[in-house]
Amino acid sequence: MQPTAEIRLTGLSLTPPVALAPLAGITDLPFRQLVSRFGVGWVVSEMVASQEMVQAKPGVREKAELGFDGSDTAVQLAGREAKWMAEAARMVEANGARVIDINMGCPAKKVTNGYSGSALLRDPDHALRLIEAVVGAVSVPVTLKTRLGWDTDCLNAADVARRAENAGVQLVTIHGRTRQQFYKGRANWRAIREIKDAVSIPVIANGDIVDGASARTALEHSGADGVMIGRGAQGRPWQLASVAAEVFGTARPIIPTGQDFADMVAGHYEGMLGFYGADLGLRVARKHLGWYMDVADTPGAMRRSILTATSPQDVLGALPDALGAMTQAAA
């Protein structure tokens, strides 16, 4: 039986239920726009520090930048103080965000040491105060992304999700690891079922989902309503649309090959240069170019030349030869 291809929040349809995960330094505006063009339920911004955003710390507001076609964009906020979370939520709603996502899953020490991200799993009462503040500050749907728990002795995601639902959260995404696991081992999709059984709102499974086969297995094991994909989209911005087609029966994307692939990458590269400026954009783009060249199996010498180039013109001039041989099989 094919899973349901729609999730409904207040005033919003998330169709198909395949989402782009928030990835620091990766899911910026140019990449989200590219993924969206292939077809996706929704995309999530990089994690935005709420206090730094309100106080206009350089570079922070850009992470939440939506552009004019951000109708499928959720902006993810992190923080430890209710007043900053609420004010940041109001700001990004005014900027056009259709969904506000609360981060309770980031395992990075610089985040958890500040009592944000997955550290909130150790203090559910405080986490609830943050959730209530955000829900009370905006009219758009509020969602939550978290993990199974802090560690194996603190597997409290089901209770947190239940309390979040009661506070007005409309969807919860669960990464199938604890904070102490970081990204080691395998995501435990079966453990997500406990959260699914605890709430009546949609649950999204996240962690190690990279293609149609892993998405199907994750849905089967977890009982979740949809999936969130992060690393599987690196170098393959069409991957979410491909998964949606395979799992939910939506239209299959046209995967670019040959010169079309090189043109797509050149467009993404120019988008990053325009967004960040030439100097920073050249550096930020290198990781994306590396993933694209992984997909295209670009020869080592050509790869090194592109990744060490100091001129955007040199990079753009080299892309057709470096990527133009990418075949449908590689895609």
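Here is a short chat about a helix contact and some salt bridges in this predicted model.

Visitor: Before we start, how are residues numbered, and what pLDDT do local features need?
Guide: Residues count from 1 along each chain as its sequence is written, and side-chain values use heavy atoms, leaving out hydrogens and water. Totals for chains, interfaces and linings use all residues, side-chain atom pairs count only at pLDDT 80 or more, and local features need pLDDT of at least 70.

Visitor: At what angle do the axes of α1 and α11 cross?
Guide: Two packed helices are described by the angle between their axes and the distance between the axes. Helices here are DSSP runs (H or I, at least four residues), and strands are E runs of at least two, numbered from the N terminus. Axes are lines fitted to C-alpha atoms, for helices over the stretch in contact, with angles from 0 to 180 degrees between N-to-C directions. For α1 (residues 29-38) and α11 (residues 258-276), the axes come within 8 Å and cross at roughly 145°.

Visitor: How many residues of the contact of α1 with α11 are nonpolar, polar and charged?
Guide: Contact means heavy atoms within 4.5 Å, and α1 brings Leu29, Pro30, Phe31, Leu34 and Phe38, while α11 brings Met264, His268, Gly271, Met272 and Phe275. Ala, Val, Leu, Ile, Met, Phe, Trp, Tyr, Cys and Pro count as nonpolar, Asp, Glu, Lys and Arg as charged, and the others, Gly among them, as polar. That makes eight nonpolar, two polar and no charged.

Visitor: Which side chain meets Arg163 in a salt bridge?
Guide: A salt bridge is a side-chain nitrogen of Lys or Arg within 4 Å of a carboxyl oxygen of Asp or Glu, and the structure holds nine. Arg163 sits in helix α7 (residues 157-167) and its partner in helix α6 (residues 124-137), so the pair ties together parts 38 residues apart in sequence. With 2.9 Å from N to O, the partner is Asp125.

Visitor: Is Asp208 buried or exposed?
Guide: Buried means under 20% relative accessible area, exposed over 50%, and partly exposed in between (1.4 Å probe, protein chains only). Arg231, which meets Asp208 in a salt bridge (3.3 Å, N to O), is partly exposed at 47%. Asp208 has a relative accessible area of 14%, so Asp208 is buried.

Visitor: Which residue forms a salt bridge with Arg162?
Guide: Look in helix α7, where both partners lie three residues apart, about one turn of the helix. The closest N and O atoms are 3.3 Å apart, and the partner is Asp159.
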